[in-house]
Amino acid sequence: MSRIRIPQPPPSEITPEAVWQSRRRWLRQAAAIGLAAGSAPAVLAGSIPDPSLPALTGKPNGRFSVMDKPNAWDDITGYNNFYEFGTDKEDPRRHAGRMVTEPWTVEVGGEVVKPRTFDIDELRKLAPMEERIYRLRCVEAWSMVIPWVGYPLSALLKQVEPTGNARYVTFETALQPENMPGVNRRIIDWPYVEGLRMDEAMHPLTLLVFGVYGKLLPNQNGAPMRVAVPWKYGFKSAKSVVRIRLVEEQPVSSWMQSAPSEYGFYANVNPDVRHPRWSQATERRIGDSLFAPRVKTQMFNGYGELVASMYDGMDLARDF
Ligand code: MTE
């Protein structure tokens with residue numbers, strides 16, 4: 001297994017502590033007003049979460065957060081891709097409440113010395129929670145900025161002690177046909193499966209997510225546990241994970257299987273490599289006005305200084 005070099009983030013990507021703290025103070029004050037008045041304009045407009053939702057906070061990690069202003073709560077929880085619940089962006093919020101998330105276990109096995117099934121409560125306590133503001137760039141050329149709460153996936157993988165044969169990680173997500181209206185349509189061969197190379201999975205940016213905006217993850221965002229890999233297209237970030245396997249061979253993900261010419265294994269955000277049906281050079285920021293210009297997409301979604309070295313010597317147009 002290759003050793004992980006923890007790179008320094010470029011200055012432009014770091015949120016200075018003071019900026020970070022003042023943003024946190026502002027969010028806290030807005031939430032407090034919402035509690036006191038019950039109808040703060042920000043809460044009404046859906047820009048911050050309803051204060052009555054269950055909290056899950058994390059220590060702000062400015063080092064791995066971007067400066068961009070997070071999207072409104074309503075964008076993050078109301079404009080989703082979660083095809084198990086339908087293909088419209090509003091379907092997940094409409095239907096995901098039916099998914100049963102308690103009890104919930106995650107089986108971690110394959111090429112490991114200590115295979116184990118973890119209860120979700122154990123997983124929530126496995127490592128200190130952090131809050132990180134990440135960009136999410138969807139392959140459909142829209143993007144958001146999301147304050148996730150979680151900890152690095154590496155903390156979980158180290159617990160099971162990967163063997164020398166572990167070269168890739170696969171994530172299998174929940175399949176509850178009776179609660180998931182979308183799985184009647186064979187868009188992909190359910191359950192949804194994704195994968196990462198071992199060094200990508202162990203990279204400090206790769207986050208296991210349990211919450212968003214200081215709240216427990218809503219079902220539509222992948223409750224009770226999902227992955228966030230911010231330099232890759234959003235489809236690599238599997239939601240509602242139930243099984244993690246370490247394997248020797250490169251896995252075939254659901255999207256590769258359904259459309260191999262459109263979706264590759266790596267799926268690194270890359271403005272220079274078109275999707276066969278559209279350009280990836282620009283993106284639409286969800287929440288911007290209709291007249292706002294499209295934003296230029298950045299290589300590796302702006303995380304290049306942290307991740308580019310993992311792909312040295314690779315042809316990213318071929319390994320897309
Ligand atoms: N995970 C599952 N199980 N099912 C899905 O349909 N969609 C992916 C990813 N994870 C998906 C999934 C895609 S295409 C994107 S862009 C992100 O989830 C969206 O995450 P969000 O809705 O929380 O923003």
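# Pocket, ligand and cavities

Q: Which element gives the most to the lining of the largest pocket, with four residues?
A: A pocket is an open set of points on a 1 Å grid over the protein atoms alone, with protein on both sides within 12 Å along at least five of seven lines; lining residues have an atom within 4 Å of a point. Strand S5 (142-152) and helix H8 (254-258) each supply at least two residues of this lining. Helices (H or I, at least four residues) and strands (E, at least two) are DSSP runs, numbered from the N terminus. The top contributor, with four residues, is S5.

Q: Which residues lie nearest the centre of the largest pocket?
A: This is a predicted model, with residues numbered from 1 along each chain as its sequence is written. Local features need pLDDT of at least 70, side-chain atom pairs need pLDDT 80 or more, totals for chains, interfaces and linings use all residues, and side-chain values use heavy atoms, without hydrogens or water. The pocket lining counts 32 residues, and nearest the centre are Asn-81, Tyr-83, Cys-138, Tyr-192 and Phe-235.

Q: What volume does the largest pocket have?
A: Its lining has 18 nonpolar, eight polar and six charged residues. Here Ala, Val, Leu, Ile, Met, Phe, Trp, Tyr, Cys and Pro are nonpolar, Asp, Glu, Lys and Arg charged, and the others, Gly among them, polar. Volume is the space filled by probe spheres set on grid points, which are joined across faces, edges and corners. For this pocket it is about 550 Å³.

Q: Where does the ligand sit?
A: A molecule sits in a pocket if more than half of its atoms lie within 2 Å of the pocket's grid points. By that test, the ligand sits in the largest pocket.

Q: Which residues around the ligand come nearest?
A: Near means that a heavy atom lies within 4 Å. The shell has eight nonpolar, six polar and three charged residues. Of these 17 residues, the nearest are Asn-80, Tyr-83, Glu-84, Ser-237 and Lys-239.

Q: How much of the ligand's accessible area does the protein cover?
A: Polar contacts (N or O pairs within 3.5 Å) include a ligand oxygen 2.7 Å from a side-chain N or O of Lys-239. Another puts a ligand oxygen 3.1 Å from a side-chain N or O of Asn-221. A ligand nitrogen also lies 3.3 Å from a backbone N or O of Asn-81. Of the 530 Å² that the ligand has on its own (Shrake-Rupley, 1.4 Å probe), the protein covers 99%.

Q: How much space lies in the largest cavity?
A: A cavity is a set of grid points where a 1.4 Å probe fits but cannot get out. The count comes to three cavities of 30 Å³ or more. The largest holds about 60 Å³.

Q: Which strand gives the most to the lining of the largest cavity?
A: Of the 13 lining residues, the closest to the centre are Arg-135, Leu-136, Val-229, Pro-230 and Ser-237. Two or more residues come from each of strand S4 (130-137) and strand S10 (226-228). The strand giving the most, with four residues, is S4.

Q: Where is Tyr-213, with its positive phi, found?
A: Most residues other than glycine have a negative phi. Tyr-213 is not a glycine, yet its phi is about 55°. Its place is the loop between strand S8 (207-212) and S9.

Q: What is omega for the cis bond from Ala-223 to Pro-224?
A: Most peptide bonds are trans. Pro-224 lies in the loop between strand S9 (215-216) and S10. Its bond from Ala-223 is cis, with omega near -5°.

How values were computed: A polar contact is a pair of N or O atoms within 3.5 Å; within protein, one must be able to donate a hydrogen and the other to accept it, and residues adjacent in sequence count only if both atoms are side-chain atoms.
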